[in-house]
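Subject: Structure handover

Hello,

My notes follow below it.

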Amino acid sequence: MSYNLLKGKKGIIFGALDANSIAWKTAERVHEEGGEFVLTNAPIAMRMGQINDLANKTNAQIIAADATSIDDLQNLVEKSMEILGGKIDFVLHSIGMSVNVRKGRAYTDQKYDWTQKGTDVSAMSFHKMMSVLYKNDAMNPWGSIVALTYMAAQRVFPDYNDMADNKAYLESIARSFGYFFGRDKNVRVNTISQSPTPTTAGQGVKGFDGFIAYAEKMSPLGNATALDCANYTVSLFSDLTKRVTMQNLFNDGGFSNMGVSEAVMDKFTE
Ligand SMILES: NC(=O)c1ccc[n+]([C@@H]2O[C@H](COP(=O)([O-])OP(=O)(O)OC[C@H]3O[C@@H](n4cnc5c(N)ncnc54)[C@H](O)[C@@H]3O)[C@@H](O)[C@H]2O)c1
């Protein structure tokens, strides 16, 4: 169902890799709500080619950018404003990667150059992206910037490894930059803390199947899907949430406020 919530709004969506990606679902929903956007992903992700299908479906152009490169981000922001014919109203940062997770390295035995790479991709890229938008005065007043995070920033999920630290950093950047973006440009900055979701990044975490099944049993409303996350993001891009900023917002079916559920207790008393 469409409410035309984003009619006339223009944006940039980072991180649509395939049809499971949260950014993919978000692009589809933003398009349905009347928003126009540029799609971007790392040059290496372009090789898979699937993003072209999304671009065709949503009438979007694609600009490759490594989100850790200021030059790529500068080019992305300049070209996006040309393509969209003006300043930007919404941006989704939907990017995460840990080399330690990928290579099965324990949290207690990280390879620190891998840790640094993961921090750059997963968290510092959010600062770099906002810094380029801010310095180019590329955002329209009352624009909205959203990044995606996970509750391992607040609580321990052992297999989430160094991504937990990256997410804590990401959430802090949302608050700190949110202050300057709010004060100087009337732009809001928030993170959405999403339930475990079966995507390429999600399934890369060891023990993901247990993770997601446990969260499902703990959450009174069940896990939030990628589509639920897309819908929440649409609301944050819309004019209905103009003074929501510097928040970490849980989209998790209630998981984050649970101690234990009957469904989980039942498993232990079988
Ligand atoms: N899947 C989950 O369980 C879950 C839960 C909470 C939060 N999140 C977060 O949601 C976001 C999106 O992940 P997803 O689950 O849709 O997985 P995904 O694998 O579909 O998306 C991750 C994206 O990051 C992109 N990326 C990696 N390195 C990049 C770089 N250098 N420059 C630009 N882009 C780069 C990838 O190409 C990919 O498109 C991530 O921040 C992730 O941590 C995911």
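**What was found**

Of the chain's contacts between residues at least 6 apart in sequence, 73% join residues at least 24 apart. Contact here means C-beta atoms, placed from the backbone, within 7 Å.

This is a predicted model: local features need pLDDT of at least 70, side-chain atom pairs count only at pLDDT 80 or more, and totals for chains, interfaces and linings use all residues. Residues are numbered from 1 along each chain as its sequence is written.

Of the 270 residues, 46% count as buried (20 or more other C-beta atoms within 10 Å of a residue's own).

The largest nonpolar core has 56 residues. A core is a set of buried Ala, Val, Leu, Ile, Met, Phe, Trp, Tyr and Cys residues joined through C-beta atoms within 7 Å. I13, A16, A27 and L39 have the most contacts inside the largest one. Helix α10 (residues 226–237) gives the most to this core, with 7 residues. Helices are DSSP runs of H or I, at least four residues, numbered from the N terminus. Leaving out residues up to four places away in sequence, A27 touches I13, A16, F37, L39, L54, T58 and A60.

Helices α6 (residues 112–135) and α7 (residues 163–185) pack at about 10 degrees, axes 8 Å apart. Axes are lines fitted to C-alpha atoms over the stretch in contact, with angles from 0 to 180 degrees between N-to-C directions.

Regards

Methods: Helix = DSSP H or I, 4+ residues; strand = E, 2+ residues; numbered from the N terminus. Buried ≥ 20, exposed ≤ 12 C-beta atoms within 10 Å, placed from the backbone. Contact = placed C-beta atoms within 7 Å.
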